[in-house]
Amino acid sequence: MVVEKIYGELCVTCNEQGYLTDLNQWTKEVGSEIAKEEGIDMTEKHWEVINYLQDQCRKEVPLSIRKIGKSGVVDIKEFYQLFPKGPLKISSRIAGIPKPVSCI
Amino acid sequence: MENTVESPITKKVDEKKPIKKMMLILSKATIDNVYACFILANGARMEGIESEIFFTFFGLEAITKKKLEKLHVATVGNPGMHIPTMLGGLPGMEAFATKMMKAEMEKLDIPPVGEFLEILSASGTKLWACKLAMDMFHLEKENLIDDLDGVLTVGDFYSRAEGDSTQLMFI
C-alpha cells in the first residue's frame, strides 16, 4: 500500500510504514520534516550519516549496523546516540531510503 | 424504558504494550546458541529496546577471552545438523562443521563472536557474568572480556528486570 504525504510544500509517496518509495522525491526539507516526526534534532553529524546512507543506497549496498560502524563516518556508539530509538530504521526513514532488512 | 444502567465496563481499551527490555540468559556455548542470543540482543537494540545478557554456566565461554573465538557447533546429538551420530563423533568433524557455518555467517555479514561482543557493548547492551558459574569454573574477571559490565548474582540480575514490559528469555 502506498500513501501520499505532504512534507512542507512537497507531496511524496510513502509505504505504510512511512518510508519514501522513491529516493528522488527526497529533499533536505522532507528529511527535516520526517526527523521532526521521529523527534530528532538534526545536527551536521546527523546529515553526514544521512548522506552516507543515501550514497550506499544508490550503490545498492545493503546496509547493516556493522557496515556503518566500519564506514569511518560514524562509530556504532555514536550512531546509537544520534538515533537512540532505533538507529538504522530511523536514519533510513529520514534519508528516504527503504527500511533495511538486516538483523545486524 | 430508559432506566437501564449503563455497565461500568463500557469501553474495552485495547492497549498495546510494546516490549521495553529484553533480558537474555545464555547458558550454553555452542555457536548456534551464542549467535541466537547475540542476534536477539542486538535486534532489540536496533528497535530501540533495551537489552541485557546474563552469561551463566557454559555461556561464560562466550565471554572468556581465550575461548570465545573457538566455540563450536555440536555435531553429535544435534538432529538439526543431519549428520549421523557415528560420523559426528569422528575427529575433526566438529571443526569442519564449525568452519562451514562460520563461512556462511560471514557471507551474511554476521561478525565473529569477539567483534559481535564489541558491537553489542557499543550498542548499549549490558553484558553480565554469573558469579556462581565463575566460581565454579575458577574464572577471574581478568579471564573475561574487557567490555564486561560486571559480575552479578541471579538476584541482582532479576532486580534489573523491574519495570513494565520486560521479557526474560533463557537460551
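This briefing walks through selected features of the structure shown above, topic by topic. The structure is a predicted model, and in it 13 residues of chain B are in contact with 16 residues of chain A. The largest nonpolar core has 61 residues, and helix α1 of chain B, which spans residues 31-46, gives the most to this core, with seven residues.

**The nonpolar core**

- Within the largest nonpolar core, the residues with the most contacts inside it are B:V34, B:I53, B:F55, B:A62 and B:I63.
- If neighbours within four places in sequence are left aside, B:F55 is in contact with B:L26, B:L60, B:A62, B:I63, B:W128, B:A129 and B:C130.

**Where the chains meet**

- On the side of chain B that touches chain A, the elements that give two or more residues are α1 and α4 of chain B, the latter covering residues 113-123.
- The largest share of that side of chain B, four residues, comes from α1(B).
- Sorted by class, the residues on the side of chain B that touches chain A are six nonpolar, five polar and two charged.

**A hairpin in chain A**

- Strand β1 (residues 2-7) and strand β2 (residues 10-15) of chain A run antiparallel and are joined by six bridges, and one example of such pairing is A:V3, whose bridge partner in β2(A) is A:C14.
- These two strands, β1(A) and β2(A), form a hairpin with two residues between them, and A:G8 in the turn has a positive phi of about 65°.

**Two helices of chain A that meet**

- Two packed helices are described by the angle between their axes and the distance between the axes.
- For helix α1 (residues 28-37) and helix α5 (residues 87-95) of chain A, the axes come within 8 Å and cross at roughly 145°.
- At this contact, A:G31, A:I34 and A:A35 in α1(A) meet A:R93, A:I94 and A:A95 in α5(A), and by class the contact has four nonpolar, one polar and one charged residues.

**Positive phi outside glycine**

- A:E60, which is not a glycine, has a positive phi near 60°, and its place is in the loop between α2 (44-58) and α3 (65-70) of chain A.
- A:E60 counts as exposed because 6 other C-beta atoms lie within 10 Å, and the cut-off for exposed is 12 or fewer.
- In chain B, B:S165 is likewise not a glycine and has a positive phi of about 55°; B:S165 is in the loop between α6 (154-159) and β5 (166-170) of chain B.
- B:S165 has 11 C-beta neighbours inside 10 Å and therefore counts as exposed.

How values were computed:
Residues are numbered from 1 along each chain as its sequence is written. Chains are lettered from A and ligands numbered from 1 in the order in which they are written. This is a predicted model: local features need pLDDT of at least 70, side-chain atom pairs count only at pLDDT 80 or more; totals for chains, interfaces and linings use all residues. Axes are lines fitted to C-alpha atoms, for helices over the stretch in contact, and angles run from 0 to 180 degrees between N-to-C directions. Two residues are in contact if their C-beta atoms, placed from the backbone, lie within 7 Å. Ala, Val, Leu, Ile, Met, Phe, Trp, Tyr, Cys and Pro count as nonpolar, Asp, Glu, Lys and Arg as charged, and the others, Gly among them, as polar. A residue is buried if 20 or more other C-beta atoms lie within 10 Å of its own, exposed if 12 or fewer, and partly exposed in between; C-beta atoms are placed from the backbone. A nonpolar core is a set of buried Ala, Val, Leu, Ile, Met, Phe, Trp, Tyr and Cys residues joined through C-beta atoms within 7 Å. Two strands pair if DSSP finds at least two bridges between them.
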